[in-house]
Amino acid sequence: MLFFKDIIEAESTGSSTLVLTGDWTVTHYVAIQKALKNLEIHSSLLQLSLNDIHEIDTAGVLLLADKFGQETLRKALQDKALSKERVAMIETVLKALPTEEDRTPPKKTFFLWRFFGDVGVSLTSLWTELLQWMGFFGMVILAFLRMVVTPSNWRMTSLVANIDSSGFKATPIVMLLCFMVGAVVAFLGATVLETFGAQVFTVHLVTYSFLREFAIILTAILIAGRTASAYTAQLGSMKVNEEIDALKASGIDPLATLVVPRVFALVVAMPILTFLGMVAGIVGGMLVCTLAMDISPRLFFDIMNESIHVKHFLVGIGKAPIFAVVIAITGCLEGFKVSGSAESVGEHTTSSVVKCIFLVILLDALFAIFFMEMGW
């Protein structure tokens with residue numbers, strides 16, 4: 001098979017024109033490769049003539065670009081004798097190929113500039129995430145308000161099912177963890193306070209810490225790992241299976257059907273779980289006080305009744321609905337951000353848990369500063 005017709009030398013310019021012929025198609029790919037390998041061109045100023053080529057496809061264009069370079073092939077397209085279809089096909093292939101600049105590795109910049117660049121990218125990404133979260137939260141509020149106006153659209157079955165899965169079924173693990181942490185706090189407090197002969201203040205330590213901080217934090221972290229990940233996985237699987245697109249095509253609002261019941265269920269369940277966590281933590285501390293410090297349960301409750309104000313309980317329980325909204329919105333948002341593969345579901349599920357735990361701890365720190373300044 002003949003692929004090269006002639007080499008025309010131009011004495012005035014010192015350039016050579018290689019006239020191509022034959023079929024430059026994938027059928028003759030191996031033969032073209034061998035012919036190009038055996039071809040020897042001595043002139044650096046080489047031009048190509050594509051007029052005599054019978055047929056050419058993308059495989060032939062790639063071989064030409066590989067051997068002679070993209071710039072040489074682009075110059076050959078300036079020949080007016082070429083058909084518009086052939087020129088358009090070759091230009092399309094050349095646009096898809098990486099340029100010489102893309103192939104050259106970027107120059108290494110000073111590490112300090114790279115550091116500031118990475119910081120800038122992270123801040124921009126954080127700002128984008130915040131805007132997405134606020135926008136999604138606003139859309140959920142609008143969907144909730146539309147449902148309030150039209151009671152026929154209330155999803156009571158979904159609400160009760162989510163309260164059961166995210167609330168009641170999480171009760172044993174929440175109470176067990178709070179019970180064990182309460183016992184540990186009481187034991188550590190007794191060990192330290194024994195030095196000062198003030199073991200009785202272990203009661204204050206356990207009740208104060210669990211009413212204000214430990215119960216809500218432990219509950220929120222467990223719910224973030226258990227429920228937020230479940231929300232993300234459920235909605236992400238629906239996104240992969242195009243069930244959410246089917247709901248939209250049917251004229252059903254996915255937010256009202258899938259997100260609002262989950263958020264509202266967690267808002268209902270979270271204060272109950274927090275209260276049970278408080279009870280379990282205080283009981284765990286009381287058990288240690290009874291066994292290790294001879295503080296009877298009656299004395300324990302008398303001290304708690306006299307020394308611990310009800311405002312500490314209100315501070316702890318008041319944070320529960322806010323944390324519930326943050327966890328539910330974050331979990332649902334990550335589920336809607338799934339791109340369409342099983343790998344994406346796993347990535348966003350992990351991201352959901354990490355973001356929820358981070359936001360919960362951040363908000364709790366801000367609340368602690370606020371309550372301290374307010375004297376609450």
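**Close-up 1. The loop that holds E242 in the predicted model.** E242 is found in the loop between helix 9 and helix 10, the latter made up of residues 243-249, and, like everything described in these legends, E242 belongs to a predicted model. The phi angle of E242 is near 65°, which is a positive value in a residue other than glycine. E242 has a relative accessible area of 53% and is therefore classed as exposed, the cut-off for that class being over 50%.

**Close-up 2. Helix 9 beside helix 13.** Helix 9 covers residues 202-240, and helix 13 covers residues 310-336. The axes of helix 9 and helix 13 come within 8 Å and cross at roughly 15°; because angles under 35 degrees count as roughly parallel, helix 9 is described as roughly parallel to helix 13. The crossing in which helix 9 passes helix 13 is right-handed. Sorted by class, the residues in the contact of helix 9 with helix 13 are 17 nonpolar, six polar and five charged.

**Close-up 3. Helix 9 beside helix 14.** Here the partner of helix 9 is helix 14, made up of residues 342-374, and the axes of these two helices come within 8 Å while crossing at roughly 150°. Since angles over 145 degrees count as roughly antiparallel, helix 9 is roughly antiparallel to helix 14. Helix 9 and helix 14 cross in a right-handed sense, and the residues of their contact comprise 14 nonpolar, eight polar and three charged.

**Close-up 4. The crossing of helix 11 and helix 12.** Helix 11 runs over residues 254-292 and helix 12 over residues 297-307, with axes that come within 9 Å and cross at roughly 125°. That angle makes helix 11 oblique to helix 12, and the crossing in which helix 11 passes helix 12 is right-handed. What residues meet in this contact of helix 11 with helix 12? From helix 11 come I282, G285, M286, C289 and T290, while helix 12 supplies P297, F300, F301 and M304. By class, this contact of helix 11 with helix 12 has seven nonpolar and two polar residues, and no charged residues.

Close-up 5. A disulfide is a covalent bond between the sulfur atoms of two cysteines. With a pair of cysteine sulfur atoms counted as a disulfide when they lie within 2.5 Å, the count in this model comes to zero disulfides. C289, one of the residues of helix 11 that meet helix 12, is in no disulfide, and the nearest cysteine sulfur to that of C289 belongs to C178, 17 Å away. C289 counts as buried because its relative accessibility is 0%. C332 is likewise in no disulfide, the nearest cysteine sulfur being that of C356 at 9.5 Å. C332 also has 0% relative accessibility and so counts as buried.

Close-up 6. V19 lies in strand 2, which spans residues 15-20, and V19 is buried because its relative accessible area is 8%. Along the sequence V19 and Q47 are 28 residues apart, and their C-alpha atoms are 8.7 Å apart in space. I141 lies in helix 6, made up of residues 111-149; at 35% relative accessibility, I141 counts as partly exposed, a class for values between the cut-offs of 20% and 50%. How many residues separate I141 and L255 in sequence? They are 114 residues apart in sequence, and 9.6 Å apart in space from C-alpha to C-alpha.

**Close-up 7. The loop that holds P98.** P98 lies in the loop between helix 4, residues 84-96, and helix 5, residues 100-103. Its relative accessible area of 36% means that P98 is partly exposed. The C-alpha atoms of P98 and Q70 are separated by 9.7 Å, and the two residues are 28 residues apart along the chain.

**Close-up 8. D66 in helix 2.** Helix 2 comprises residues 58-68 and includes D66. Is D66 buried or exposed? D66 is exposed, because its relative accessible area is 65%. From D66 to I308 the separation is 242 residues in sequence and 80 Å in space, C-alpha to C-alpha.

How values were computed: Residues are numbered from 1 along each chain as its sequence is written. This is a predicted model: local features need pLDDT of at least 70, side-chain atom pairs count only at pLDDT 80 or more; totals for chains, interfaces and linings use all residues. Side-chain values use heavy atoms; hydrogens and water are left out. Axes are lines fitted to C-alpha atoms, for helices over the stretch in contact, and angles run from 0 to 180 degrees between N-to-C directions. Helices (H or I, at least four residues) and strands (E, at least two) are DSSP runs, numbered from the N terminus. Angles under 35 degrees count as roughly parallel, over 145 as roughly antiparallel, 65 to 115 as roughly perpendicular and the rest as oblique. A crossing is left-handed if the near helix is turned anticlockwise from the far one by less than a right angle, and right-handed if clockwise. Contact means heavy atoms within 4.5 Å. Ala, Val, Leu, Ile, Met, Phe, Trp, Tyr, Cys and Pro count as nonpolar, Asp, Glu, Lys and Arg as charged, and the others, Gly among them, as polar. Buried means under 20% relative accessible area, exposed over 50%, partly exposed in between (1.4 Å probe, protein chains only).
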